[in-house]
Amino acid sequence: MDKFKIIVIGTLLFCGLTQVCCYQFEPSGSSVSNEEYQRLMELRPFAVQLMQQFGNITQTNLDLRLDNRLPSQQDLLCLADMAQLMSGLSSRSYWALRMIDSWGSIPSGILYGNFFDMGNYDECIKTNKAITDSHSIRGKYCFAKISFRATLKIAVCFPSSCSADLMDTFIGQIANRLLNVTLTNNIVDEATCSTAEREPFDGVTILIIIILSVLAAAMILATLCDYFIYRDQSKLPIIIKAFSARANSRALFRLVEPKSNPNVIDCLHGMRCMSLIWVIFGHQYLISLATPKTNYVSLNSWFRTFFANFILHGFFSVDTFFFLSGLLLVMIALRSLEKTKGKMNIPMMYLHRYLRLTPVLGVAIPMYMKLLPLMSDGPVTGRVTFGDFDVCKRTWYLSLLYVQNYCLDHTWYLAVDMQLYILSPIFLIALYKWGKKAAGGIFVLMLLLCGCLFATMMTNKYQFYLEMGGMSGEALTKVYHATHTHAAPWLIGLLCGYFLHLNRNRTFKLNHSVIWLGWIVSLALMFVSLFALYPATQSGAAALTTLEQSFYYTLTRIAWPLSLCWVVFACMKGYGGLADSFLSSPMWQPLSRLSYSAYIFHVYIELVNDKRVRSTGYLSNYDMMLSFWGSFGFTVLMAYVMYIILEGPFGALEGSLMPKSKAKPKPVNDKELPVAEIPRNTANEVEKATPTPLYEEGATKL
């Protein structure tokens, strides 16, 4: 092999061979043998020796035969650019030194689980050396991988004219000659490569930028009109009031003292916000684990910690939302049915629900597809994912119809909740006409659906793998994302709401022993749901039996919402104590109103933050907390922006344009039913309050 080829390949090995994707890393097999480790260490001094030979390289002594194939025109251009690079190194040209300086090396701490060396991403891609008027050498940042028992990925930087296939040839030859290691193809994956060049905006990107710009401009103009033209707020036109940041912010940040309004379920604000924080916190862990870490050896032990159960079983936060959805739905609808004597405008219910939820989702989909890549450029952009947003190109219209449970992965909840809501008139009319008999039938249906879930897991042998904490693949789709598997919390919420509706005027006088028993049982159900699998993780077993896991997953779908029934009942009837004071605090009210936008866009913020990382991080609960609070702060900020330019205005316009109820119900004592307030809507617009616990109106207006 001629000198040029040795230098090029050796240099690339010096720069490359780092970064393991966490999905390829197996903690149990992460150790590297002494012989393998010594081979890796030989690359460091070897690379230094090769650097001393750069000055003698020219294009005339290139061997153009590559693995017994003739070079393509692209290969020739790459080799010519490499010759220019070597010449630049010989003359100590700044641009050439920058490319070499940006390379990674064999990472330190391999034995501790550090399989990444990310080099310097920006130094590489910002290299731009003009060779002729029509040609420049630009930096191309890629990852090269070498596998022993763990997969190392190391940053490489070479001219953008070089293909990944050519790099495979170079690295494979030098590895065989100097390391006695046979490397297969795909040492460098083109998908890991990045350059500074960007494709021009397509039509969808331009459209979403225009839409956001128009909404922002409308907000600014309406706010200026609100401040300087319409001093009298009573004369403010609806279109100005809808888009005014002043009016929307006033409604958003208005605080109401607990118990000051009998039509407010104060504790729901805190329950909703705590569940939202739990969702964001859990997703922060899942996304951050995909970024490079210096101590992956700690990952296996982390899964066995007590604290990890809060992350691994964070899906109970979603069950809380389903419980609240069913509870609020029945309390709202039954009061409406009593006022209208059993009449229900079902098409109007569906339309109102659709118009409330869809504008935010409709804007979010193209933002994730088109704007997220523009804001999250970094060396691990392709490695840090939360679902495949390319699916949206084929299924975006299905997402807006809520007939499927994916596109943006975390919005599966909206589809499931909408599908349950579409079925809700059956249960509501049955409860209104047949009362407790219908409630008994709903209870039996809930048990049958739980039995269906149990049978599905047993028949297909679906399991939770305790080391990785959850389902994946087919099990995730058919069990976790399936609508019927989340019907149990929703139906229990429905039954709880029916019970509270029947006893809205009743005063419960409970002695201290009953109150303590209620709280002990409620907390015990929560504790068992969260930590029932903890002993199994300590035993070292890879997984429980299918039967054990099926029982766990099925029974906790019932246990968790049952525990919430007592919390809501106790807080409403004056037995909440410290829990009621905390959950009913006014501090939750603004975040509660932002919860829908925060839920939709929190993954956007987390992906932007983690896709942009430039160096390996450290895996610890404290570092994850630091990442979470940063993401949470920007999530709340983004949710506020989207609220004042999109969610608030469209909600106000929809509320003003929807036809008013023609029914004239007789006056009802305000204390008959606890509800939660919604600014902008009047109390008699009951049929328009179609709840979803992630949306402030649905979670409060009865």
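Student: What makes the link of Cys392 and Cys407 right-handed?
Tutor: In this predicted model, the angle about the S-S bond is 140°, and the link of Cys392 and Cys407 is right-handed.

Student: How do you know that Cys392 and Cys407 are joined by a disulfide?
Tutor: A disulfide needs two cysteine sulfur atoms within 2.5 Å. The S to S distance for Cys392 and Cys407 is 2.1 Å, and a disulfide joins them. Cys392 lies in helix H15 and Cys407 in the loop between H15 and helix H16, so the pair ties together parts that are 15 residues apart in sequence.

Student: Why is Cys392 called buried?
Tutor: Buried means under 20% relative accessible area. Cys392 has 0%, so the label is buried. Cys407 has 3%, so Cys407 is buried as well.

Student: How many disulfides does the structure hold?
Tutor: There are four disulfides. With bonded cysteines counted along the chain, the disulfides follow the pattern 1-5, 2-4, 3-6, 7-8.

Student: How do you know that Cys78 and Cys162 form one of them?
Tutor: The cut-off is again 2.5 Å between the sulfur atoms. For Cys78 and Cys162 the S to S distance is 1.9 Å, and they are joined by a disulfide. This pair links distant parts of the chain: Cys78 sits in helix H3, Cys162 in the loop between E4 and helix H6, and 84 residues separate them. The link is right-handed, with 90° about the S-S bond.

Student: Are Cys78 and Cys162 buried or exposed?
Tutor: The limit for buried is under 20%. Cys78 has 0% relative accessibility, so Cys78 counts as buried. The value for Cys162 is 0%, so Cys162 is buried too.

Student: What makes Cys142 and Cys193 a disulfide?
Tutor: The sulfur atoms of Cys142 and Cys193 are 2.0 Å apart, and the cut-off is within 2.5 Å. The pair forms a disulfide. Their link is right-handed, with 115° about the S-S bond. Cys142 is in strand E3 and Cys193 in the loop between H6 and H7, 51 residues apart, and the pair links distant parts of the chain. Both Cys142 and Cys193 are buried.

Student: Why is Cys452 called partly exposed, and why is Cys496 called buried?
Tutor: Partly exposed lies between the buried limit, under 20%, and the exposed limit, over 50%. Cys452 has 36%, so Cys452 counts as partly exposed. Cys496 has 8%, so Cys496 is buried.

Student: Why is Ser102 called buried?
Tutor: Its relative accessible area is 1%, so Ser102 is buried; the limit is under 20%. Ser102 is found in the loop between helix H4 and strand E1. Leaving aside neighbours within four places in sequence, its contacts include Gly119, Asn120 and Cys157.

Student: Which residues make the nonpolar surface patch?
Tutor: Phe201, Ile206, Ile209, Ile210, Val214, Leu374 and Met375 make this patch of about 610 Å². Helix H7 and helix H14 are the elements that give two or more residues. H7 has the largest share, with four residues.

Student: Why is Met375 called partly exposed?
Tutor: Met375, in helix H14, has 42% relative accessibility, so Met375 counts as partly exposed. A patch residue needs over 30%.

Notes. Residues are numbered from 1 along each chain as its sequence is written. This is a predicted model: local features need pLDDT of at least 70, side-chain atom pairs count only at pLDDT 80 or more; totals for chains, interfaces and linings use all residues. Side-chain values use heavy atoms; hydrogens and water are left out. Patches are made of residues with over 30% relative accessible area and no salt bridge: like charges are joined within 9 Å, nonpolar side chains (Val, Leu, Ile, Met, Phe, Trp, Tyr) within 5 Å. Accessible areas come from the Shrake-Rupley method with a 1.4 Å probe; for residues, only the protein chains shown count as cover. A salt bridge is a side-chain nitrogen of Lys or Arg within 4 Å of a carboxyl oxygen of Asp or Glu. Buried means under 20% relative accessible area, exposed over 50%, partly exposed in between (1.4 Å probe, protein chains only). Contact means heavy atoms within 4.5 Å.
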